[in-house]
Amino acid sequence: MQQLLGHHLPGFVRALSIIIGLFAALDRSTGLTFFRHAHADDRFSLSEIASGVYVHLGKTELMTADNDGDIANIGIIVGHNLVAVIDTGGSVRVGARLLDAIRARTSKPIRYVINSHAHPDHMFGNAALAQTGAMFVGHANLPQALAVRGPLYLDAFRRSMGPRLIDEVKLIAPTLTVDRELRLDLGGRVLRLRSWRTAHSDSDLTVLDESTGTLFAGDLVFLQHVPVLDGSIRGWLAALDELAQIPARRVVPGHGPVADWPAALADERRYLQRLAHDTRSLIAQGVPLATAVQSAGATEKLEWRLFEEYNARNATAAYSELEWE
């Protein structure tokens, strides 16, 4: 959080205020199956994308009561002895469905719940997994991010989604934090966790399953869903080259489909470069913020879902940062 504030507090506050307003075959080696609830309204799908690695793909939508906040991708990694969960969804209801899906097919203990960053769509489901006794894991900045932003998130989403879904949410800070790198052993399967400097947010964490070369990138990677900027556009662009060096075969983005790595970075890189270029040009021309955000990045409109919902907000965050260069 300190990195994000820096000496540019007015720009940070503008960007923060905008972000707040949104938001069946048994595997013998793991004992986990694809699983769906019996009732249509409670469907929770898991797909095995590599041996022992399962993904639930969130909807490419805004976070609403109608979708229970089920808009972010969720991961499950099963080792010989232990299970790790990566993100828990945007409500306790989603987290409970996730837990049911795991418990229905494996008795292995859930040892780690890893939160990729502080945004509600990725961690409002935490309370559903707290009962397992799992250790919560996150970026070293995550406790501070939750302390500062968490109550604001709860208030904002209580208004937009209603108390039925939000009153049961609990802000659970990690008891194990990652400063640079941490390795977790699930039994014959090692996960490499890495914390990142401020980029998409100030608490971004990636998880690499070394056994299968599967990278869970959180919201450092978006596919199809337009990237959402809540940190530093300069930091995010700088992180892309380092991200590309991670020795993965495939990536699970925070939003969007599983894809080959590192080719999955191409569209996001293009968008962020265009947004930064346009914003710098408009600032140099003396175009005020309210006008600049209507055109910065506009040539990317047809390439992304939810562009109208997020691009102007991204441009506001970018302008607030880049005007101080």
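A: The account below treats the sheet, then the helix across it, then the aromatic pairs. The model is predicted: local features need pLDDT of at least 70, side-chain atom pairs count only at pLDDT 80 or more, and totals for chains, interfaces and linings use all residues. Residues are numbered from 1 along each chain as its sequence is written, and side-chain values use heavy atoms, with hydrogens and water left out.

An open sheet of 6 strands has the order 8-9-10-11-12-13, with mixed pairing; two strands pair if DSSP finds at least two bridges between them. Helices (H or I, at least four residues) and strands (E, at least two) are DSSP runs, numbered from the N terminus. Strand 8 (181-185) and strand 13 (259-260) are the edge strands, each pairing on one side only. Strand 8 runs antiparallel to strand 9 (residues 190-195), joined by 5 bridges, and Arg183 stands opposite Arg192 in strand 9.

Helix 8 (residues 233-244) lies across strand 9, strand 10 (205-209) and strand 11 (214-222), at about 165 degrees to strand 11. Axes are lines fitted to C-alpha atoms, for helices over the stretch in contact (heavy atoms within 4.5 Å), and angles run from 0 to 180 degrees between N-to-C directions.

There are 3 aromatic pairs: rings of Phe, Tyr and Trp (its six-membered ring) pair if their centres lie within 6.5 Å, with planes under 30 degrees apart stacked, over 60 edge-to-face and the rest tilted. Among them, Phe222 and Trp236 are tilted because their planes stand at 55 degrees, with centres 6.2 Å apart. Phe222 lies in strand 11 and Trp236 in helix 8, so this pair ties together parts 14 residues apart in sequence.
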